[in-house]
Structures are given as structure tokens and as C-alpha cells.
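Hi,

Here is the structure I said I would pass on.

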Amino acid sequence: AFTADIVPQAPEDPLFGLMAAYRKDTFAQKVDLGIGAYRDDNAKPWVLPVVKKADKIIADDPDLNHEYLPIAGLQQFTSASQRLSLGADSPAIKEGRVASLQTISGTGAVHLGALFLSKFYKYSGQTPTGYFSNPTWANHGQIFDTARLSHKTYRYFSPTTKGLDFEGMMSDIKATPEGSIILLHACAHNPTGVDPTQEQWKQIAQVMAQRRQFPFFDTAYQGFASGDLNKDAWAIRYFIAQGFELCIAQSYAKNFGLYGERAGCFHFVTAPGSDAQSTITRIASQLAILQRSEISNPPAYGARIASLVLNTPELFAEWEANLRTMSGRIIEMRTQLRAKLEQLGTPGTWNHITDQIGMFSFTGLSEKQVLKIREDAHVYMTKNGRISMAGLNSHNIDYFAKAVDKVVR
Ligand code: PLP
């Protein structure tokens, strides 16, 4: 029988537990800074106007049907996704050394990549270990566990500066065995909001090339971070230009607001060379088998929306404007929060709020302070002191700043 020692009780997902606690709270001024989903100035989910438009065009198409997509997904979607991530003029695309499969959003892309590496990636006869930033998105570890890939961490966040511990990161990456898988957040690092500068990315690439390491890029916030799609893809394109063999897990949850539709893409890029095309053909054939055994065919709806927008110049331009609306509001909240805390004379420094980028900010609040602010002010954030910037708006930012001020004093 399935006794407790065979199937022990698993812990609740901390984030989804936090959401449930927030929903139960009846206090009128409660603030939700937990989940990483965009909210408008009225704390409501925002359907991007361009998504509404694309949705209507698709619904009105008399030829629309609900047949299976191919195993690798909607071809117009995966090729537009390549161009978006790698750049339209990417030599890797021109040289036919990219294999792309539509996945169950970013999670599915990380999973497919982990599964592929677990099955096929060997260095000196061994399956290499994956190295994650400390901290990282909580799901990375679980996904690698499921794929039976071992994982460790490299230093990343400095609690003192609330910025990047660049020296720690470099020395840890240098110390990993040759051929290790290094997981990198392409932009808007989750949970810290701290990214390397372009100069630092160059140094990271140099060390990783020396150590023959395998970059695994997770890109869940392209265009959402800075408002500029190219800027947010800079690191990925730089690594490809250096000739790395690498993979990319791409999510459209945040930048299209298509959270529940699960639109994403996995790309494997081989190094340039005369055998690149035959290598990529073999890799694509194995990825297709993994995909078939896991999901058979990816879901069509979200990919159709993203594909229509990505492949229609006027809609694409409108999407870029929508991205600037979201990233602009978040950047504005950062500016205001920092200014308010500084005005209140809240102990400590608050420049990290505006130095950090993307959906999240690592406030530096301790677990004790996080629990106290939840108890006293009904403000919900994760125990590590991470706040989702999108949960702040013109109606609650004063309230939040005062609550932080109170708990820090
Ligand atoms: N990777 C990172 C770093 C994330 O923050 C997220 C979402 O929070 C994802 C991947 C994947 O999200 P999804 O599966 O919803 O695309």
C-alpha cells in the first residue's frame, strides 16, 4: 500500500500557498506582492490590447480548426521565436544550426532542455552537473531533479550591496568542472532583479569558453525588463557570437501576458562548423522524440496569438508599445518607492530598488520583517524579501512605503 514512508507528504508550493493566504485575507487595504504576474494601476490583470486584437482576428478566421499542431509546434511561431531571441540577422539561423520546438511555456522549455541534456550530454564520459545562481527561480532545482540532472549553485547576489557579487560569481564558475552546465538568466533575474552589465557578461563568456562550459539560458522577460526587445536579448546574442553551443528556454508568459496559455519555445544552437547542420538535424530528431513522449503536441491557442503578432509588422509595433507600457509602469514604481523611502528617512540605503530591473525586487527585508509586515499591514511577499513590483500602484505605494518604514525601524 502507499503508506506515508513510500509517499511522504510533499511541502506546499510556497508561492501558491502565499496566494491562497492573500485571497483569504478580508482586510480592505491588503497588498499582493507575491506572484510574478503583471498588474495594472488598479491591481488588475492586464490583457495586452495587441493580444485582444490578435485574438479577434484568429476567432474570425473561417479556416480556424482544432487539429493537432506538429510535434515541434507551429512552424511560424518557432521561427519567429528564433528571430526574436537570436536576432533576425543571426548567423546561427542563416547557417541552419538552430533546432526549435514549441513548449509548455518557459517551464516546459527548461524541462525539455534538462531532459535532453540528461539523456545526451556527456563530458569526459560523465553527465555534467548544472550550476544555478544563488538564488534562482525555485523551479529550476525541481525541474533538474525530475530530469535526474544534479545541480549546485554559484554565488550571485550580494546581501551587502543588494547587487551582483561578480567576483564570487566568477570565481565559482571558474572552479566548476570543465563542461558544466551553467544556467543563466538572460535578463531580469528572478528573484533578485540583478543582472550583469554587458562588460561583466563578456567576462563571464570568456571564463565559460575557457572552461568549455555549456550555457543554458532562461529567458522569461525579454522586452518586459527594459522595454527594448534587443537590449534584453543582448547576452544570448553575445554568447552565440562567441561560438558557444548552447540552449535557450523562452517564455511568452510575461511579455505577452499569456500566462495561462503556456506559449514557449526551446532552442538548441550548435557551434559553427562544417558538421553543424548534420548535428542539428540529429539533435532535432531526438528532441522530437522527447517531446512526443511527454506532450505529443504543444497547445495551439497561445502560440497562434504570439505568432500572429510576431509575424505582422503593425501588430509587432503595437506589441512593443504595450511592452513599454508594462516596463515603464514598473520602472516608475521603482522610482517612486525609492523616493518615498528616502523621504521617510527609512533606515538603510534604497538605491537597489532602482538599480534592479524587471518584475522583481529583492528588498533586503529579513524573513522576520516579511512575516511582521504580513501580520501588521497585510502585505504579502515571499519570505526571502522579494516583491513583485507590478503589485505596486498609485493607490497602494504610499501605504506600502510606510509599512516598510515601520517594520525596518
Ligand atoms: N524562468 C524564470 C526565471 C521565471 O521567472 C519563470 C516564471 O516565473 C519561468 C521560467 C517560466 O514561466 P512559465 O512557465 O510561466 O513561462
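This is a predicted model: local features need pLDDT of at least 70, side-chain atom pairs count only at pLDDT 80 or more; totals for chains, interfaces and linings use all residues.

Seven strands make up an open sheet with mixed pairing, and their order is 2-10-9-8-7-3-4. At the edges sit strand 2 (98-104) and strand 4 (151-155), each of which pairs on one side only. From one strand to the next, the twist averages 25°. Phe 217, for instance, has Ile 248 in strand 9 as its bridge partner. There is also a helix over part of the sheet: helix 11 (residues 276-294) lies across strand 2 and strand 10 (263-269), at about 15° to strand 2.

Next, the core. The largest nonpolar core counts 112 residues, and the ones with the most contacts inside it are Ile 182, Phe 216, Ile 236, Leu 246 and Ala 306. Leaving out residues up to four places away in sequence, Ile 236 touches Ser 85, Leu 86, Ala 186, Phe 217, Thr 219 and Ile 248. So that bridged pair of Phe 217 and Ile 248 shows up again among the contacts of Ile 236.

Now to helix 12, which is mostly covered, with nine of its eleven residues buried. Among the buried ones are Arg 304, Ser 307 and Ala 306, and Ala 306 is also on the list of residues with the most contacts in the core. What do the buried residues of helix 12 pack against? Their partners are helix 2 (49-59), helix 3 (75-86), strand 2, strand 10 and helix 13.

Helix 12 (residues 301-311) meets helix 13 (residues 313-344) at an angle of about 105°, and the axes are 5 Å apart. That angle makes the two helices roughly perpendicular. On the helix 12 side you will find Leu 308, Val 309 and Leu 310, facing Leu 315, Phe 316 and Trp 319 in helix 13. By class, this contact has six nonpolar residues, no polar ones and no charged ones.

Last, the outside. Is Lys 368 buried or exposed? Lys 368, in helix 15 (residues 367-377), counts as exposed because it has 10 C-beta neighbours inside 10 Å, and the cut-off for exposed is 12 or fewer. Between Lys 368 and Gly 385 there are 9.6 Å in space, C-alpha to C-alpha, though they are 17 residues apart in sequence.

Cheers

Note on methods: Residues are numbered from 1 along each chain as its sequence is written. A nonpolar core is a set of buried Ala, Val, Leu, Ile, Met, Phe, Trp, Tyr and Cys residues joined through C-beta atoms within 7 Å. A residue is buried if 20 or more other C-beta atoms lie within 10 Å of its own, exposed if 12 or fewer, and partly exposed in between; C-beta atoms are placed from the backbone. Two residues are in contact if their C-beta atoms, placed from the backbone, lie within 7 Å. Axes are lines fitted to C-alpha atoms, for helices over the stretch in contact, and angles run from 0 to 180 degrees between N-to-C directions. Helices (H or I, at least four residues) and strands (E, at least two) are DSSP runs, numbered from the N terminus. Angles under 35 degrees count as roughly parallel, over 145 as roughly antiparallel, 65 to 115 as roughly perpendicular and the rest as oblique. Ala, Val, Leu, Ile, Met, Phe, Trp, Tyr, Cys and Pro count as nonpolar, Asp, Glu, Lys and Arg as charged, and the others, Gly among them, as polar. Two strands pair if DSSP finds at least two bridges between them.
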